Amino acid sequence: MELDDTICYCFHISKRKIFNHIRVHKPRVPSQLSDCGGAGTGCGWCVPFLKRYFAEGQPGATTDALSASDYEQQRAGYIRAGKGRPAAGAKPLPPESPPSSSDAPTKEI
Ligand code: FES
């Protein structure tokens, strides 16, 4: 994940905006990151990421191995599984990705 990638798809908030909010407003607890445009108050998908960014405090400390498209697909899976409901105005979910060959059922002979 890069600084300009979206972290909160419900409220269109980038990772850069989150870190700027942390730097400028110095929240005392992770839940105060919701003051940054409502981050984390929609479907809830981004909350673990917000907590991690809060703990790390600065963008250079983050180690996001996840790509932006993987992040978006995983959020879509979270929503489709009924674990959260996107906020009104949230970015629409991407189309479902076709199952990979490793996901295909194997037939025993
Ligand atoms: S992606 Fe942040 S609350 Fe839904």
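Predicted model: local features only at pLDDT ≥ 70, side-chain atom pairs only at ≥ 80, totals over all residues.
Visitor: Which elements make up the protein chain, and in what order do they run?

Guide: Start by listing helices and strands. The protein chain has three helices and two strands. From the N terminus on, they run β-β-α-α-α.

Visitor: How much of the protein chain counts as buried?

Guide: Of its 109 residues, 22% count as buried. Look also at contacts along the sequence. Among contacts with a separation of 6 or more, 53% join residues 24 or more positions apart.

Visitor: Take helix α2. Which of its residues are buried?

Guide: First, the general idea. An α-helix has 3.6 residues a turn, so residues three or four places apart point the same way. Now the case here. Helix α2 covers residues 47–56, and its buried residues are F49, L50 and Y53. Seen down the axis of α2, they fall within an arc of 100°, so they line one face of the helix.

Visitor: What does the face turned away from the buried side carry?

Guide: That face of α2 carries the exposed residues P48 and A55.

Visitor: And what covers the buried residues of α2?

Guide: The cover includes β1 (6–8) and α1 (15–25). Just after α2 comes G57, with a positive phi of about 80°.

Visitor: How do α1 and α2 pack?

Guide: Read the angle and the distance between axes. For α1 and α2, the angle is about 45° and the axes are 10 Å apart. Angles between 35 and 65 degrees count as oblique, so α1 and α2 are oblique to each other. I18, F19 and I22 of α1 make the contact with L50, Y53 and F54 of α2. The crossing of the two helices is right-handed.

Visitor: Where does the largest nonpolar core draw its residues from?

Guide: This core has 17 residues. The elements giving two or more residues to it are β1, α1 and α2. Residues with the most contacts inside the core are C8, I13, I18, A39, C46 and L50.

Visitor: Which residues does L50 touch?

Guide: Leave out residues up to four places away in sequence. L50 then touches I18, P30, L33, A39 and G40.

Visitor: Last, K83. Is it buried or exposed?

Guide: Count the neighbours. K83 has 12 other C-beta atoms within 10 Å. A residue is exposed if that count is 12 or fewer, so K83 is exposed. K83 is found in the segment after α3 (68–80).

Visitor: How far apart are K83 and G44 in sequence and in space?

Guide: They are 39 residues apart in sequence. In space, C-alpha to C-alpha, K83 and G44 are 8.5 Å apart.

Technical notes: Residues numbered from 1 in each chain as written. Helix = DSSP H or I, 4+ residues; strand = E, 2+ residues; numbered from the N terminus. Buried ≥ 20, exposed ≤ 12 C-beta atoms within 10 Å, placed from the backbone. Contact = placed C-beta atoms within 7 Å. Arc of directions from axis to C-beta. Core = buried A, V, L, I, M, F, W, Y, C linked by C-beta atoms within 7 Å. Axes fitted to C-alpha atoms, helices over the stretch in contact; angles between N-to-C directions. Parallel < 35°, antiparallel > 145°, perpendicular 65-115°, else oblique. Left-handed = near helix turned anticlockwise from the far one by under 90°.
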